[in-house]
Amino acid sequence: MARVQEIRGMAEWYATDIASSPADWMKYLDTAARLYRYSFTDQLLIYAQRPQATACASLELWNEKMMRWVNRGAKGIALIDDTGPRQRLRYVFDVADTHAVRGGRTPYLWKLREETKKEVLSHISDVYGLTEDDSVSLERALYAISVEQSEEILEDAMDGMLYEI
């Protein structure tokens, strides 16, 4: 139980740390973007222990589904498992901690290529009805969409927080 508390404390410290600086928040978001299937807490713990992680999974998933073995001596990334009656730690490993065996698969790591940025920009401009100014670049378009979406859900989120308090 002491180790769980240590990991929980690490998550709390890193949450405070990254929230105090826009540059640190951007570094965290780089890691979180690669690990979008994990919860915020898990992303935070992965960032705290291995900020350069690109694709994380359990030992069982690497071995059984991906046919990749975790390297001897590789150190797992501790995450808090709240699913049972008691909190416990579960460990995941980054793809860099593994190697393929016969028939092993390498995870597909999504990356937006320069030549497809215009197509993506055109599509999201149509879907979200962006102005001409916001359709100048993909970065600006994504910023405009995030501002719009944040404003839409802000009132409900604040009501939810007020209810929790």
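**Close-up 1. The largest nonpolar core of this predicted model has 20 residues.** A nonpolar core is a set of buried Ala, Val, Leu, Ile, Met, Phe, Trp, Tyr and Cys residues joined through side-chain atoms within 4.5 Å. Buried means under 20% relative accessible area, exposed means over 50%, and partly exposed lies in between (1.4 Å probe, protein chains only). Tyr 38, Ile 46, Cys 56 and Leu 79 have the most contacts inside this core. Helix H1 (2-19), helix H2 (22-34), H3, E3 and E4 each supply at least two of its residues. Helices (H or I, at least four residues) and strands (E, at least two) are DSSP runs, numbered from the N terminus.

**Close-up 2. Ile 46 and the residues it touches.** Contact means heavy atoms within 4.5 Å.

**Close-up 3. Three strands form an open sheet in the order E1-E4-E3.** The pairing is antiparallel. Two strands pair if DSSP finds at least two bridges between them. Strand E1 (56-58) and strand E3 (77-81) stand at the edges, each with a single partner strand, so one side of each has no neighbour in the sheet. From one strand to the next, the twist averages 45 degrees. E1 and strand E4 (residues 88-94) pair over three bridges. Cys 56 stands opposite Asp 94 in E4. Helix H3 (residues 40-49) lies across E1, E3 and E4, and runs at about 160 degrees to E3.

**Close-up 4. Helices H2 and H3 cross at roughly 105 degrees.** Their axes come within 9 Å. Axes are lines fitted to C-alpha atoms, for helices over the stretch in contact, and angles run from 0 to 180 degrees between N-to-C directions. H2 and H3 are therefore roughly perpendicular to each other; that term covers 65 to 115 degrees. H2 brings Asp 24, Trp 25, Lys 27, Tyr 28, Thr 31 and Ala 32 to the contact. H3 brings Phe 40, Gln 43, Leu 44 and Tyr 47.

**Close-up 5. Met 67 has a positive phi of about 55 degrees.** Met 67 is not a glycine. It is found in the loop between helix H4 (59-65) and strand E2 (68-70). Met 67 is partly exposed, with a relative accessible area of 30%.

**Notes.** Residues are numbered from 1 along each chain as its sequence is written, and side-chain values use heavy atoms, leaving out hydrogens and water. In this predicted model, local features need pLDDT of at least 70 and side-chain atom pairs count only at pLDDT 80 or more, while totals for chains, interfaces and linings use all residues.

Conventions:
Angles under 35 degrees count as roughly parallel, over 145 as roughly antiparallel, 65 to 115 as roughly perpendicular and the rest as oblique. Lists of a residue's contacts leave out its neighbours within four places in sequence.
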